[in-house]
Amino acid sequence: MSGMKRLFAAVVLAGCVSTVLAQSAPDDSRAQADVTKALSGKRLRGVTGNVAGGVATLTGTVSSFQDKMEVDRKLEKFVKAGELAKVNDQIQVSGPTVSDQELGQKLGQKLAMNDRQPDRTAFEIVNPSVQDGVVTLMGFVTDPVDKSDVEGTVADQPGVKGLVDKIEVAPLSPNDWRVRRDVYQAIYGYSTFTRYGINPVKPIRILVLNGQVKLVGVVDSATDKEQAGIRANGVGGVFKVTNDLQVAGARE
């Protein structure tokens with residue numbers, strides 16, 4: 001190929017690449033209009049969104065973390081549609097200042113008493129920790145909906161500035177659900193443990209994953225802890241029982 005032909009081919013190729021890139025690149029003007037409209041609500045009037053190169057950078061303040069999450073949800077649909085490549089959320093949460101200790105206590109109480117799914121309370125547990133207003137959630141739930149409900153409960157609490165969700169969601173397993181119910185009946189159906197079933201918080205939590213059972217929570221005595229483990233071990237289909245129940249008043 002002559003030098004002139006090679007030069008012509010390179011120019012044509014460059015033009016094709018430019019055309020493809022231009023067609024695939026997000027339309028900043030359209031995205032800017034949609035982002036501005038999405039942020040037009042009264043609660044979000046302190047937030048500004050600027051779009052450049054397909055990236056929406058959000059700045060400003062909101063009064064609650066719930067509002068911050070709402071912004072992210074609104075703009076996520078533009079990312080999924082390809083209108084935005086990314087959202088850079090730099091929004092600050094103003095709201096009241098609550099000490100980490102107080103915030104942790106309030107969230108612990110709310111999550112323990114959360115009746116989002118009363119029939120699954122005994123099979124899930126979520127524990128919050130707080131540092132500088134940022135809440136980290138650790139725990140185990142049986143359904144993605146419960147995970148979302150927990151996030152909503154935390155985000156709505158005054159004083160929350162950020163959220164890190166490390167909650168594990170159990171995979172769908174009919175066998176695990178059978179094990180959960182059978183272990184529940186073996187423990188809560190036992191006369192000695194009837195008093196624990198009266199408590200809506202369910203102090204004995206039964207966490208099941210792939211046929212393996214972990215017991216967590218607080219019981220009144222070492223005998224109760226031992227008996228709960230024995231009864232869980234006696235359920236058919238249980239491969240292993242880890243008894244992490246704590247005895248009230250016992251030193252660690």
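**Note on the predicted model: helices, cores and aromatic contacts**

1. In helix α5, the buried residues are D146, K147, V150, T153, V154 and A155; buried means under 20% relative accessible area, exposed over 50%, and partly exposed in between, with a 1.4 Å probe and protein chains only. These buried residues of α5 pack against α3, α4, β5, β6 and β7 (162-169), where contact means heavy atoms within 4.5 Å. The 12 residues of α5 should span 16 Å at 1.5 Å a residue, and the end C-alpha atoms are 17 Å apart, which agrees. The expected span of a helix is 1.5 Å times one less than its number of residues.

2. On the basis of the note: this is a predicted model, in which local features need pLDDT of at least 70 and side-chain atom pairs count only at pLDDT 80 or more, while totals for chains, interfaces and linings use all residues. Residues are numbered from 1 along each chain as its sequence is written, and side-chain values use heavy atoms, with hydrogens and water left out.

3. The protein chain contains 8 helices and 10 strands. Helices (H or I, at least four residues) and strands (E, at least two) are DSSP runs, numbered from the N terminus. The chain has 252 residues, of which 36% count as buried. Among its contacts with a separation of 6 or more, 64% come from residues 24 or more positions apart. The chain exposes about 14,200 Å², and carbon and sulfur atoms supply 54% of that area; accessible areas come from the Shrake-Rupley method with a 1.4 Å probe, and for residues only the protein chains shown count as cover.

4. The largest nonpolar core has 32 residues, and L75, V135, L137 and V154 have the most contacts inside it. A nonpolar core is a set of buried Ala, Val, Leu, Ile, Met, Phe, Trp, Tyr and Cys residues joined through side-chain atoms within 4.5 Å. Elements that each supply at least two residues of this core include α2 (28-38), β1 (47-52), β2 (55-62) and α4 (100-112). Helix α3 gives the most, with 5 residues. A second, separate core of 22 residues includes W177, V183, A228 and L245.

5. Helix α3 has 16 residues, which should span 22 Å at 1.5 Å a residue; its end C-alpha atoms are 23 Å apart, which agrees. Its buried residues are F65, Q66, D67, K68, M69, E70, V71, L75 and F78, and they pack against α2, β2, β3 (86-89), β4 (92-93), α5 and β7. Not counting residues up to four places away in sequence, L75 touches V35, A38, A56, L58, L84 and V87. Just after α3, G82 takes a positive phi of about 85°.

6. Helix α6 (residues 174-188) should span 21 Å for its 15 residues at 1.5 Å a residue, and its end C-alpha atoms are 21 Å apart, which agrees. Its buried residues are D176, W177, V179, R180, V183, A186, I187 and Y188. They pack against β6, α7 (194-198), β8, β9 and α8 (222-233).

7. The structure holds 5 aromatic pairs. Rings of Phe, Tyr and Trp (its six-membered ring) pair if their centres lie within 6.5 Å; planes under 30 degrees apart count as stacked, over 60 as edge-to-face and the rest as tilted. The ring centres of Y190 and F193 are 5.6 Å apart and their planes are at 50°, so this pair is tilted. Y190 is partly exposed, with a relative accessible area of 24%, whereas F193 is buried at 0%. Ring pairs also link F123, W177, Y184 and Y188 into a cluster.

8. Two arginines lie over aromatic rings: the charged end of R180 sits 4.6 Å from the ring centre of W177, and R231 lies over the face of Y190, at 4.1 Å from the ring centre. A charge sits over a ring if NZ of Lys or CZ of Arg is within 6 Å of the ring centre and within 35 degrees of the ring normal.

9. Y196 is placed in helix α7 and counts as buried at 4% relative accessibility. Y196 and V219 are 23 residues apart in sequence and 8.3 Å apart in space, C-alpha to C-alpha. The residues that Y196 touches include Y188, P203, V219 and D224.

10. Most residues other than glycine have a negative phi. D132, which is not a glycine, has a positive phi of about 55°; D132 lies in the loop between β5 and β6 and is exposed at 64% relative accessibility. N210 has a positive phi near 55° and lies in the loop between β8 (204-209) and β9 (212-219).
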